[in-house]
Amino acid sequence: MSKYNPEDIDIKYLVPNEDLIKLKNIAPEYRQVLTDTYKLLTMVLDRPDLYEDPVEYVEALEYTLQILWAFPPDRNYHSYWNKLKGCTCSDLDNRDMMGTPYRQINSDCPFHNREDI
């Protein structure tokens, strides 16, 4: 049996948009915070089973990213909430509803088909 080595895993992390960094004139100290936040978001999206409430965690990270990018915090513009591995909510339909308070939730989604969301 081989030993688990975390360095053997090659995860493709989400990364900050360099053009937006330049456009918004993001301070250098915030660049690393953005990068770290995107890495954490990637880990939650890829392994939601490791988190007690991955839906809430992703929501909090999306608000954090909006603040770091100097955008007003607004749930209606969150775009990662349905990217959790195993989520069955439609990406296309939800992109069409971006900017509205509506979200298309599949009845068989293991994450979003809950009364408390």
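## Overall composition

Buried residues account for 28% of the 117 residues in the protein. The model described here is predicted. The protein contains four helices and zero strands, and its pattern along the sequence reads α-α-α-α.

Of the contacts in the protein with a separation of 6 or more, 48% are between residues 24 or more positions apart. The protein exposes about 8,200 Å², and carbon and sulfur atoms supply 53% of that area.

## Helix H2

Helix H2 spans residues 28-46 and has 19 residues. From its first C-alpha to its last, H2 reaches 28 Å, which is close to the 27 Å expected at 1.5 Å a residue.

The buried residues of H2 are Leu34, Thr37, Tyr38, Leu41, Thr42, Val44 and Leu45. Viewed down the axis of H2, these buried residues fall within an arc of 165°, so they line one face of the helix. Helix H3 (54-68) is included in what covers the buried residues of H2.

## Gln66 in helix H3

Gln66 is located in helix H3. Is this residue buried or exposed? Gln66 counts as buried because its relative accessibility is 9%, and the cut-off for burial is under 20% relative accessible area.

Leaving aside residues up to four places away in sequence, Gln66 touches Phe71, Pro72, Pro73, Asp74, Tyr77 and His78. One of these contacts, Tyr77, is 11 residues from Gln66 in sequence. In space, Gln66 and Tyr77 are 9.0 Å apart, C-alpha to C-alpha.

## A nonpolar surface patch

Which residues form a nonpolar patch on the surface? The patch is formed by Tyr13, Val15 and Met43, which together have about 270 Å² of accessible area.

Tyr13 is placed in the segment before helix H1 (18-23). With a relative accessible area of 33%, Tyr13 is partly exposed.

Notes: Residues are numbered from 1 along each chain as its sequence is written. This is a predicted model: local features need pLDDT of at least 70, side-chain atom pairs count only at pLDDT 80 or more; totals for chains, interfaces and linings use all residues. Side-chain values use heavy atoms; hydrogens and water are left out. Patches are made of residues with over 30% relative accessible area and no salt bridge: like charges are joined within 9 Å, nonpolar side chains (Val, Leu, Ile, Met, Phe, Trp, Tyr) within 5 Å. Accessible areas come from the Shrake-Rupley method with a 1.4 Å probe; for residues, only the protein chains shown count as cover. A salt bridge is a side-chain nitrogen of Lys or Arg within 4 Å of a carboxyl oxygen of Asp or Glu. Helices (H or I, at least four residues) and strands (E, at least two) are DSSP runs, numbered from the N terminus. Buried means under 20% relative accessible area, exposed over 50%, partly exposed in between (1.4 Å probe, protein chains only). Contact means heavy atoms within 4.5 Å. The expected span of a helix is 1.5 Å times one less than its number of residues. The arc is that of the directions from the helix axis to the C-beta atoms.
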